[in-house]
Amino acid sequence: MKIAVSSVGKDLNSNLDSRLGRCAYFLVVNPDDMSFEVFTNESAVLSGGAGIQSAQFLALKGVSAVITGNCGPNAEQTLSAAGVELYSGQTGTVKEVIDRFKKGNLRPTSESNVDSHFGMTGGGGFGRGGGMGGGRGMGSGGVYGQNASTGEKSGDVSKNRELEMLKDQADNLNKQLEDIISRINKLEKSD
């Protein structure tokens, strides 16, 4: 069995990347012996379709399951069509999520947990206006100057949508902070 984990780094102690389609790396792990392969996510730089391309790449690698923080509907549908189980909404290090998987503490999800183009519209770490899409003329999802998921023109994000995006970012940051504090406490107790 092979399990893919979206990761910010190249080893098992790296944090899980909260974005599937735009993560930095995929670690494909054999949970039996914890051996793994590292793949740079070439789809992360695409202007659109990163989730679908990432999901197709992982299916071609023969993974049985994908563990990530957030997964949009197109990537979820691609994984489902390929018979790959999705475990989204996860945080922690790659090793921690694999351990939870091995203990049976993860439940597969059958639907996306974010909107299309999540990683490009401010929810996944790309800031509004200065990042890779979602604003100021860089386009999004192949629709130049317009956010394809909401139809809003770049730079004209409604107050409610901006508030929603900021709340999503705050929730993700709070989860990451909780994980960091938990790991600090564990390390301090092990001394």
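Predicted model: local features only at pLDDT ≥ 70, side-chain atom pairs only at ≥ 80, totals over all residues.
Okay, let's start with the strands. Strand S2 runs over residues 25-30, and five of its six residues are buried. What does S2 pair with? On one hand there's strand S1, residues 3-7, which pairs with S2 in the antiparallel sense over five bridges. If you want a spot to look at, find Ala 4: its bridge partner in S2 is Val 28. Then there's strand S3, residues 35-40, also antiparallel to S2, over six bridges. Here you can pick out Tyr 25, whose bridge partner in S3 is Thr 40. S2 and S3 make a hairpin with four residues between them, and Met 34 in that turn has a positive phi of about 65°.

Now over to helix H2, residues 73-81. Which of its residues are buried? Ala 75, Glu 76, Thr 78 and Leu 79. They sit on the same side of H2, because they cover an arc of only 165° around the axis. Just past the end of H2, you'll see Gly 83 with a positive phi of about 75°.

Next, the inside. The largest nonpolar core has 16 residues, and the ones touching the most other members are Ile 3, Val 5, Val 29, Ile 67, Val 94, Ile 98 and Phe 101. Where do the core residues come from? S1, S2, S4 and H3 each supply at least two, and H3 gives the largest share, with four. Zoom in on Ile 67 for a moment. Leaving aside neighbours within four places in sequence, its contacts include Ile 3, Val 5, Leu 16, Tyr 87, Ile 98, Phe 101 and Leu 106. There's also a second, separate core, this one of 15 residues, and among them are Leu 20, Phe 26, Ala 55 and Ala 75.

Last stop: Ser 88, in the loop between S5 and helix H3 (94-102). Is Ser 88 buried or exposed? The cut-off for buried is under 20% relative accessible area, and Ser 88 comes in at 8%, so it counts as buried. Its side chain makes a polar contact with the side chain of Thr 109, at 3.3 Å.

How values were computed:
Residues numbered from 1 in each chain as written. Heavy atoms only, no water. Buried < 20%, exposed > 50% of the residue type's maximum accessible area, 1.4 Å probe, protein only. Arc of directions from axis to C-beta. Pairing = 2+ DSSP bridges. Polar contact = N/O pair within 3.5 Å; in protein donor to acceptor, adjacent residues only side chain to side chain. Core = buried A, V, L, I, M, F, W, Y, C linked by side-chain atoms within 4.5 Å. Contact = heavy atoms within 4.5 Å.
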